[in-house]
Amino acid sequence: MSQTAQLLARLRRGPIMPVAAIDELGILALSQRVTDLRKAGHNIETEMVEVEKRDGTTARVAKYHLIAEAA
């Protein structure tokens, strides 16, 4: 199964962020796979969220939500 197919299946279960994409799916280039899904007609929303890093500082990362699948 391709990474884009794996990602679509995962998005059907709920939002995903980069760390989860790496841990669960082994996808390092999450934004590129999301772009592939968008080009295929899927409606995916990007929400920027702040997460706490190990050193106590924060970083903004993308959280992707599947809004609607391609027909």
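**Questions about a predicted model**

Author: Helix H3 is followed by Gly41, whose phi is positive, near 105°. The structure is a predicted model, in which local features need pLDDT of at least 70 and side-chain atom pairs count only at pLDDT 80 or more, while totals for chains, interfaces and linings use all residues. Residues are numbered from 1 along each chain as its sequence is written, and side-chain values use heavy atoms, with hydrogens and water left out.

Reader: Why is Arg60 called exposed?

Author: A residue is buried under 20% relative accessible area, exposed over 50% and partly exposed in between (1.4 Å probe, protein chains only). Arg60 has a relative accessible area of 54%, and therefore counts as exposed. Arg60 belongs to strand E2, residues 58–68; helices (H or I, at least four residues) and strands (E, at least two) are DSSP runs, numbered from the N terminus.

Reader: Which residues are in contact with Arg60, leaving aside its neighbours within four places in sequence?

Author: They are Met48, Val49 and Glu50, where contact means heavy atoms within 4.5 Å.

Reader: What makes Arg33 a buried residue?

Author: The relative accessible area of Arg33 is 19%, which is under 20%, so Arg33 is buried. Leu30, Val34 and Leu37 are likewise among the buried residues of helix H3, which spans residues 30–39. The buried residues of H3 pack against helix H1 (3–13), helix H2 (18–25), strand E1 (43–52) and E2.

Reader: How many salt bridges does the structure hold?

Author: There are four. Side chains of opposite charge can pair when their charged atoms come close.

Reader: What makes the pair of Glu69 and Arg12 a salt bridge?

Author: Their closest N and O atoms are 2.9 Å apart, and this distance is within 4 Å. Glu69 lies in the segment after E2 and Arg12 in helix H1, so the pair ties together parts that are 57 residues apart in sequence.

Reader: Why is Glu69 called partly exposed?

Author: Its relative accessible area of 39% falls between 20% and 50%, so Glu69 is partly exposed.

Reader: How do you know that Glu24 and Arg13 meet in a salt bridge?

Author: The N to O distance between their side chains is 3.6 Å, again within 4 Å. This pair links distant parts of the chain, with Glu24 in helix H2 and Arg13 in helix H1, 11 residues apart. Glu24 is partly exposed at 43%, whereas Arg13, at 64% relative accessibility, is exposed.

Reader: Which residues have the most contacts inside the largest nonpolar core?

Author: They are Leu7, Leu11, Leu30, Ile44 and Tyr64, in a core of 13 residues. The elements that give two or more residues to this core are H1, H3 and E2. A nonpolar core is a set of buried Ala, Val, Leu, Ile, Met, Phe, Trp, Tyr and Cys residues joined through side-chain atoms within 4.5 Å.
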